[in-house]
Amino acid sequence: MATLSSTDAMAKAGPRDGLFAWIVLAVGVVVSIAWVLFGQKLGETITIATIGTAVSVYYALLFVPLIGFAFLLGYLGHVRVLRVGERPGLWALAGLAIGIGGLLVTMGYSRLNGGLVDGAEPPTAYTFALLAFGLTILQVGAEELLFRGWLQPSLVARIGPIAGIAVGALIFACFHLTAGVKA
């Protein structure tokens, strides 16, 4: 069974499917932002003594549901959330190398500034660095699946590539602005 691209799916969709796709888009964006706002309130209730465990639980509660939600929205909107282009292994390695490089530069600056120091007790700064790496992969993965896997292709299929990317970027920015909002 062949899988349709976002554009092919739109071409074969009827008027009702088009309206349903817009509803999926609107509800998906609103629910995603609402989940982040709710997640902030949920994070305030976490009373785990160790910071590493508390942050891990918080990230899992916030981002794992967003991953599932991205796949659900993709299913409802007839969008393949996981797509691979040409030479996906090379691009995945390039992205991983850039991400690790950025994390190492950030850690280096933090170390030089005195913000990253070895503690007297475990966990050490390096344990936190590994934890930070894993949590960053979780966060970035969830955001990529939600925004570049589902939202951007959905918008591009409905309003064209330039407008779809611009509106998707605006929604992505608004999504991140919610992190500073007290709900």
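Reply: Buried here means under 20% relative accessible area, exposed means over 50%, and partly exposed is in between (1.4 Å probe, protein chains only). On that scale, 25% of the chain's 183 residues count as buried. Bear in mind that this is a predicted model, so local features need pLDDT of at least 70 and side-chain atom pairs count only at pLDDT 80 or more, while totals for chains, interfaces and linings use all residues. Numbering starts from 1 along each chain as its sequence is written, and side-chain values use heavy atoms, with hydrogens and water left out.

Reading from the N terminus, that gives α-α-α-α-α-α.

Now the rings. There are 5 aromatic pairs, taking rings of Phe, Tyr and Trp (its six-membered ring) whose centres lie within 6.5 Å; planes under 30 degrees apart are stacked, over 60 edge-to-face, and the rest tilted. One to zoom in on is Phe147 with Phe172: the ring centres sit 5.0 Å apart and the planes make 85°, so this pair is edge-to-face. Phe147 belongs to helix H5 (residues 125-159) and Phe172 to helix H6 (residues 161-177), so the pair ties together parts that are 25 residues apart in sequence. As for accessibility, Phe147 is buried at 7%, whereas Phe172 comes out partly exposed at 32%.

Then there's a cluster: ring pairs link Tyr58, Tyr59 and Phe63. Those numbers fall in helix H3, which covers residues 51-76. H3 has 26 residues and spans 38 Å from its first C-alpha to its last, close to the 38 Å expected at 1.5 Å a residue (the expected span being 1.5 Å times one less than the number of residues). H3 isn't straight, though, with a bend of about 25° at Ala60, taken as the angle between axes fitted to the seven residues ending there and the seven starting there.

Which residues of H3 are buried? They are Gly52, Ala54, Leu62, Phe63, Leu66, Phe69, Ala70, Leu73 and Gly74. So Phe63, a member of the ring cluster, is on that buried list too.

Terms used
Helices (H or I, at least four residues) and strands (E, at least two) are DSSP runs, numbered from the N terminus.
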